[in-house]
Amino acid sequence: MNPEVLLFIEDKDAMTTIFNSALSILEFVLVFGVLVFLHEFGHFIVARLSGIEVEEFGFGYPPKMVRLFRWRNTDFTLNWIPFGGFCRMKGESGDDTEPGSFAAARPIKRFFTLLGGPLMNLLLGMILITYIIMRVGAADTSKVLVAGVAQNSPAAVAGLQVNDIIETVNNTPITSMDTLTLMISQNLGKETTLTVLRQDQELKIELTPRENPPQGEGAMGVEISNPTKPVTLLQAVPAAFLTTMDQGYQLIMLPVKLIRGQIEPSNARMVSVVGLYSIYNQVQTTDQQEAAVHPEYAGLNIINLIAILSIALGFTNLLPIPALDGGRILFVLPELLFRKKVRPEFENRVHMIGFSILMILMVVLIINDLINPIKLP
């Protein structure tokens, strides 16, 4: 091949790689930006409903590019850093007690205003999980599906196929994977009759389960799972709610499990935005590979990751850490419960210290993610 042609091809491949990487980074920035934006929008909505004035609602982070418009004493601005947004409320620092300010609002209104951001993230995560459940369906645990057949196995020789549903074994109804496992274990080395459902047609298949199957294969040589069944919205919403709450529970129990040694420290690693992008990029690659085999599930891995990130963002912000929403809520509780207000100067000082520590931690995490890139299993 002509060296000039070869060089052209290599340059073209390099340009394609650079373009795809830039596109992936842009997608991640937009996705994470939307999560942060919706968080701030949650604060904005509840603040306005509570009668708290919002001086500025920014698309992106300062410096300011341009003021888009003004609505009900709120400047809606477009900022240069295209990463989320912010909601600047009147008297948010506690030094402005004029009517309409955050500091002058009743404790219960401040409480729900601070809660609005995390709740918006949790709601988004729950909506996305609901969509995934409705698109994929729920496992029908009363049926057993053949998910794979090993070559030269008894199942393959007998003609068992992927997607067959095993209904009976020697006329005993199969109502779960455990039932199938038990029935096969009782008939090792014996000729066994299976009734399977294949595309609405019942078939009788005879095979002899192996007593000493090869390593990695079962007695019949099949992989089994539960088929899925359609799910209605009324069924999907409660399941999505439980999934969302379970993620919060796992976050709370993480330190406990680390202390008990139930999980490895490497599996509980904190990540920065660099690490999150690495995870996003790997999931995106996996999603594309799986979509080539199962086009009907295209995009679900990315949607699931966005749901996880949104829920994690919501619950993390509820942690009682200074500078986070949970830390600010913590300072509202004494006034809400005992009508004893914490001095604004003290609260601001605590949040400033907390913010500084978080920024230092973020820098450390970024360096760690650059030196030790995350690799998903």
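## Surface and burial

The protein chain exposes about 22400 Å² of surface, and carbon and sulfur atoms supply 63% of that area. The structure is a predicted model. Of the 377 residues in the protein chain, 37% are buried.

## Overall form

The protein chain contains nine helices and 10 strands. Its radius of gyration is 28 Å, well over the 21 Å that the globule rule gives for 377 residues, so the chain is more spread out than a compact globule. Taken along the principal axes, the box filled by the C-alpha atoms is roughly 85 × 70 × 40 Å.

Contacts within the protein chain can also be viewed by separation in sequence. Among contacts between residues at least 6 apart in sequence, 62% join residues at least 24 apart.

## The second largest pocket

Rolling a probe the size of a water molecule over the atoms shows where empty space is left. The second largest pocket has a volume of about 240 Å³. Its lining consists of Ile132, Val136, Asp287, Glu290, Ala291, His294, Tyr297, Ala298, Leu300 and Asn301. The elements that give two or more residues to this lining are α2 (107-136), α6 (273-293) and α7 (300-317). With three residues, α6 gives the most to the lining of the second largest pocket.

By residue class, the lining of the second largest pocket divides into six nonpolar, two polar and two charged residues.

Technical notes: Residues numbered from 1 in each chain as written. Predicted model: local features only at pLDDT ≥ 70, side-chain atom pairs only at ≥ 80, totals over all residues. Heavy atoms only, no water. 1 Å grid on protein atoms, 1.4 Å probe; cavity = no way out; pocket = protein on both sides within 12 Å on 5 of 7 lines; lining within 4 Å. Points joined across faces, edges and corners; volume = space filled by probe spheres on them. Helix = DSSP H or I, 4+ residues; strand = E, 2+ residues; numbered from the N terminus. Nonpolar A, V, L, I, M, F, W, Y, C, P; charged D, E, K, R; others polar. Rg over C-alpha atoms; globule rule 2.2 N^0.38 Å. Buried < 20%, exposed > 50% of the residue type's maximum accessible area, 1.4 Å probe, protein only. Contact = heavy atoms within 4.5 Å. Areas by Shrake-Rupley, 256 points an atom, 1.4 Å probe, with all protein chains shown as cover.
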